Amino acid sequence: MTQLQGIAASSGIAMAKVYHLEAPDLSYTTTDIDQPEEEVKRLHAALDISKSELEKIKAHTKESLGDEHAEIFSAHLLVLNDPELIQPIEDKIKSENVNAEAALDETANMFIDMFKNMDNEYMRERAADIHDVTKRVLAHLLNVTFPDPALIDEEVIIVAEDLTPSDTAQLNKDFVKGFTTDIGGRTSHSAIMARSLEIPAVVGTKDITSKAEKDAFIIVDGINGDVLLNPTEEQIGTYQEKQNEFERKKQEWAKLKDEPTVTSEGRHVELAANIGTPEDIEGVLNNGGEGVGLYRTEFLYMGKKQLPTEQEQFDAYKSVLEQMNDRAVVVRTLDIGGDKELDYLDLPNELNPFLGFRAIRICLERDDIFRTQLRALLRASVYGNLKIMFPMIATLEEFREAKAILEEEKTALRNEGQNVSDSIEVGMMVEIPASAVLAKQFAKEVDFFSIGTNDLIQYTMAADRMNEQVSYLYQPYHPAILNLINTVIEASHAEGKWTGMCGEMAGDSIAIPILLGLGLDEFSMSATSILPARTQIKALSQEEMASYKDTILSMGTSDQVVDFVKEKTDQAL
Ligand code: PEP
Ligand code: MG
């Protein structure tokens, strides 16, 4: 048995066998062959398996993410059916007597080089398609497994160095019972996706990929952050008990599904959910979400070959608003950059992407992209209770400029005869310390704040949220963070505005009593955290927590804060 400690990223216990999700070794040697006809047959066998896999992935993606995302696989299938690519490969096998691997790779590379340098976006996309499908066919020729999370059809736990958000989006919950990675933190996007998929996950174990053998039995404890490889029978029994206990708790929490969130003295606070796609709304409603506090729209832009159209975005926003049926939906405009890349945008490679060209900075420079999104949002606004917020605002000028563009598009749409709601609140995320410090000035101009602690903590503590080496500095309860949060809440209330929090801290059981005491109005979290949070809040008195505010804000360390909160709230955490 080997035990590793990581960061608990998504709660629950999962047990199954290991499935490594890693790039396969596709190296081959060029060899002479004497039976070209056999080699052509081998090529076609590999092409056929690849096609049937792509058909399955396409169907799965269509079901889980919608038509637009599935289109990539239609493009891949077109490549595999294109005689202009396949015929030259066959010709090469026959005329040069080389093996299928070499004929495929060399021919594909020739086309890739040719298309890649063309001044035509469509052809450049074809180069990327050829590159992607060639790897799959080559893997089949070499008889090595090409990992496809969407095709897993037995119960497994995924073990990977890291998962991209699009890997995570492809996971089939029926078979993928959990995942564990070498790198990442609680607020890395794979962890956030795991929570919205309700799959137990432990990230940042440092070396699970090198320790876990293929098909070994593994336990992922997403409650405490433990990973057990080849556990003993006794340990399996203990974890089964823990799993049952977790299920019992879930049933207990579920009783509060249709209840409002009230403190022990009956004061209401709003518990909202963070979502990435319209498909997430089902989980929000099942978990008793009172609204959507953060819709991360960048997932509409990811895992695709081009920018989403205005209509495509409109459909997604309208669907979310309608499903939420007049409950508040806070949509965040595009927050790309940092760990969220868009291949087709050709953004510069930066030494410090989290401090670089991202989010509102990109949107203000590429206002064509921004305007398309705003138009889609404004058109959708009549279908529900829409609020719009801008990410990564550092200066008042940025907020003013973004809001002015929004107003311009509103006027333009109305002039075109389109209906636009006239009660859309416009707010901003507070995730850069500068805007927290200056909250008083911002509060005069915004309708609301939403504190993005995932980034606010990393920028305040200068500790990368993805880097497990410095995760000890990533301290949500550090008094510096709590004082910034307090500044923001006080500033908003002084102007009659409200403050929410959409960073992961909002669903954290130590943070919740503190935030209640600071007067936070809205807590937005992964859908699965809502019911435990509601249960906890029901037992807490807002007035009592508020009486501890000055004591907590004048503390010097995170540990002091944690000890104090535990003592006062009697929590065995
Ligand atoms: C945050 O920074 O807290 C936040 C909610 O945004 P994201 O995690 O998408 O960066
Ligand atoms: Mg952020």
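Me: Is lysine 257 buried, exposed or partly exposed?

Reply: Buried means under 20% relative accessible area, exposed over 50%, and partly exposed in between, with a 1.4 Å probe and protein chains only. At 28% relative accessibility, lysine 257 therefore counts as partly exposed. Please keep in mind that this is a predicted model, in which local features need pLDDT of at least 70 and side-chain atom pairs count only at pLDDT 80 or more, while totals for chains, interfaces and linings use all residues. Residues are numbered from 1 along each chain as its sequence is written, chains are lettered from A and ligands numbered from 1 in the order in which they are written, and side-chain values use heavy atoms, with hydrogens and water left out.

Me: Where does lysine 257 lie, and which residues is lysine 257 in contact with?

Reply: Helices (H or I, at least four residues) and strands (E, at least two) are DSSP runs, numbered from the N terminus. Lysine 257 is in the loop between helix 9 (233-254) and strand 9 (270-275). Contact means heavy atoms within 4.5 Å, and, leaving aside neighbours within four places in sequence, lysine 257 is in contact with Leu285, Asn286, Gly288, Leu531 and Arg534.

Me: Is glutamate 39 buried or exposed?

Reply: Glutamate 39, which is found in helix 1 (residues 36-65), has a relative accessible area of 8% and is therefore buried. Not counting residues up to four places away in sequence, glutamate 39 touches Ile33, Ile93, Val98, Asn99, Ala100 and Glu101.

Me: Which residues come nearest to ligand 1?

Reply: A residue is near a molecule if one of its heavy atoms lies within 4 Å of that molecule. Of the 15 residues around ligand 1, the nearest are Arg296, Arg332, Gly452, Asn454 and Arg465. The largest share of this shell, 3 residues, comes from helix 17.
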